[in-house]
Amino acid sequence: MHKTRLTVIVLFLFGFLGSIAYGYPPTLLLGLQGGGTAFESPEDGEGALPLAALSLLAGWRNPIPAGGYWGLAASARLLSYFGSPIVSADIERLALDAGLPIGRSLVELEGGLDASVMGDGEDPAHVHPRWQAGLRFGGETAQGIFSYRGSYLYQPDDDGDFLYQGLRLGAEWERSLRLGLAAGLEFGWEYWPEYWLLDGLGAFTGVARQDVVGELQVGLDGLAGFFLDWSLEACAGLRWSTANRFITGLGLEEDSENHLFAAIRAAADWSPHRAVGLQLEGFLRQEWYLTRAALTEAPFADTGESLRVLSLGMTVRADWTPNDRLFLVLEGSAGRRFANDPAEERWNASLQAGVEYSFP
Amino acid sequence: MIARVFAAAGRAQPRRLRFLLFLAGLLATAPLTAQSLEAALARGRFPPEQQAVLAEQFRQAELQGIPVPLLLPRLEEGIAKKVPAARLEEALRRQARLLLEARALLVETPGGDALLSDPASWARTANLLSGALPAAEVRLLARYCARRPADYRPATSLYLSLVEWGLDRGRAQELLRALLDSRLSGESFPVVMEVLVEGRRQRLAPEELVRRLLLRLPEAASAEELKRRILR
């Protein structure tokens with residue numbers, strides 16, 4: 001038993017050190033940004049605040065023999081909004097991925113963790129571990145991908161915890177570097193242990209919410225000429241949930257979370273010179289609720305329409321570097337959510353400038 | 001008997017056989033190109049004396065061994081842009097000179113006859129000499145590509161892009177050699193641009209990315225695999 005354990009340790013160390021010798025040096029990036037944000041939402045009202053952000057990112061990619069790889073990426077971002085009082089937010093991410101070739105197939109493993117101690121600006125404090133295992137099979141130009149993915153969102157101060165378990169079947173066709181096509185179908189199940197269904201009087205029944213989500217995804221990407229990379233993704237699907245809600249004065253509304261959705265996302269990344277980078281990203285998402293009523297402002301009244309929500313956003317980033325180490329960064333973003341229910345409407349915009357330093 | 005002669009010629013002097021086949025191809029297309037030239041000149045609506053001058057330029061070029069199809073695009077381009085005949089004559093003269101320079105360069109380059117036997121590669125060499133690159137660099141690229149003449153255009157296009165993007169010429173040459181030694185096809189060469197753009201977004205220095213590419217290219221089976229193994 002002792003000998004076996006020793007052998008395992010030796011093999012592990014040998015493999016680990018071997019892959020270090022075979023791999024690349026780790027990368028470390030430190031960023032400091034300042035700027036401002038303007039917003040309007042039903043919860044926070046309307047306002048504008050100066051902000052500062054400090055970020056740290058570390059990455060380590062290591063190829064392993066026979067076409068495999070493993071990588072580790074960790075990042076942390078601390079934001080402070082200088083209002084009265086000062087509000088801070090933080091985002092931490094850890095991701096580990098590996099590709100292990102088996103014959104002509106590739107086993108893809110991923111694990112990760114998103115976390116926030118003070119809240120990330122949108123969601124309260126949380127820990128969100130994710131895990132995924134998949135098999136990529138087929139030839140060089142056309143490949144099939146079958147994967148399982150899971151995650152658990154834990155929010156100590158909120159009842160929005162949920163467990164997700166999903167299966168995805170996809171295909172990718174790399175017609176050329178100019179054009180790649182991808183399509184996928186994903187089905188998932190969610191279990192919300194702290195989100196209990198309500199009875200006709202608005203009291204908890206002790207029965208947890210469960211959702212199923214089906215989604216069809218298609219994507220295009222490619223290289224459009226001189227150092228310009230682009231991608232376009234679209235998806236459409238259905239969320240079918242047991243959740244209900246109780247509205248004071250209106251009573252119990254069943255199936256309040258059931259909805260159809262469709263979304264599109266486009267991105268372009270252009271570097272006209274090694275010193276300059278430009279990125280543009282935009283998205284649009286429409287949700288059509290099947291039974292959830294669109295309400296008027298308080299005191300709530302049913303408008304007679306089902307809720308419809310349209311979210312759209314755009315981010316533009318530009319950077320310049322004199323030496324591939326120090327980067328001057330300018331970033332602007334704007335997002336808007338339109339709905340036929342005032343409680344769902346909001347917008348925000350931000351502009352930030354700063355520096356990033358990539359350690360040798 | 002004929003098959004045996006060709007087989008023997010193929011074994012003894014494959015380069016000469018390739019060039020003979022190239023000439024045979026040109027002879028076979030000669031009536032067609034003459035018609036194309038006449039049609040292009042007619043389309044240009046030049047006065048008869050200028051038409052004669054232009055036709056003479058083509059004849060002179062042919063006497064020097066420059067096939068009509070290599071000069072014809074320049075004439076057609078000039079006609080489409082409504083360039084005056086005098087300027088067109090000058091452009092054709094310049095193109096003929098570049099083609100002769102390109103031929104001389106390819107003849108001098110070890111393995112260059114493989115490129116010379118392909119009209120598109122010959123024309124490409126002339127284009128590179130027209131100011132895009134110094135002759136010594138064109139010679140170097142031609143030497144690298146001699147084993148893979150079909151990938152001459154994607155390789156030289158990539159090289160020009162890398163240099164214009166700001167990569168050191170020596171690094172770009174190293175990268176090109178590694179690509180031409182790899183299993184990747186010419187149409188996969190732009191993967192280098194993808195890696196540099198994505199790597200730059202991850203704040204990886206281009207020199208580090210080139211180092212990673214040089215390390216992984218010898219074993220890369222596809223462009224996708226290469227990307228997965230280099231970028232985090």
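Author: H3(B) passes H4(B) in a right-handed crossing, meaning that the near helix is turned clockwise from the far one by less than a right angle. This is a predicted model, so local features need pLDDT of at least 70 and side-chain atom pairs count only at pLDDT 80 or more, while totals for chains, interfaces and linings use all residues. Residues are numbered from 1 along each chain as its sequence is written, chains are lettered from A in the order in which they are written, and side-chain values use heavy atoms, with hydrogens and water left out.

Now the geometry. Helix H3 covers residues 48-63 of chain B and helix H4 covers residues 68-80 of chain B; helices here are DSSP runs of H or I with at least four residues, numbered from the N terminus. Their axes come within 10 Å and cross at roughly 150°, where axes are lines fitted to C-alpha atoms over the stretch in contact and angles run from 0 to 180 degrees between N-to-C directions. H3(B) and H4(B) are therefore roughly antiparallel, the label for angles over 145 degrees.

As for who touches whom, H3(B) brings Leu54(B), Phe58(B), Ala61(B) and Glu62(B), and these meet Val68(B), Leu71(B), Leu72(B) and Leu75(B) of H4(B); contact means heavy atoms within 4.5 Å. The residues of that contact split into 7 nonpolar, no polar and 1 charged. In that count, Ala, Val, Leu, Ile, Met, Phe, Trp, Tyr, Cys and Pro are nonpolar, Asp, Glu, Lys and Arg are charged, and the others, Gly among them, are polar.

Methods: Helix = DSSP H or I, 4+ residues; strand = E, 2+ residues; numbered from the N terminus. Parallel < 35°, antiparallel > 145°, perpendicular 65-115°, else oblique.
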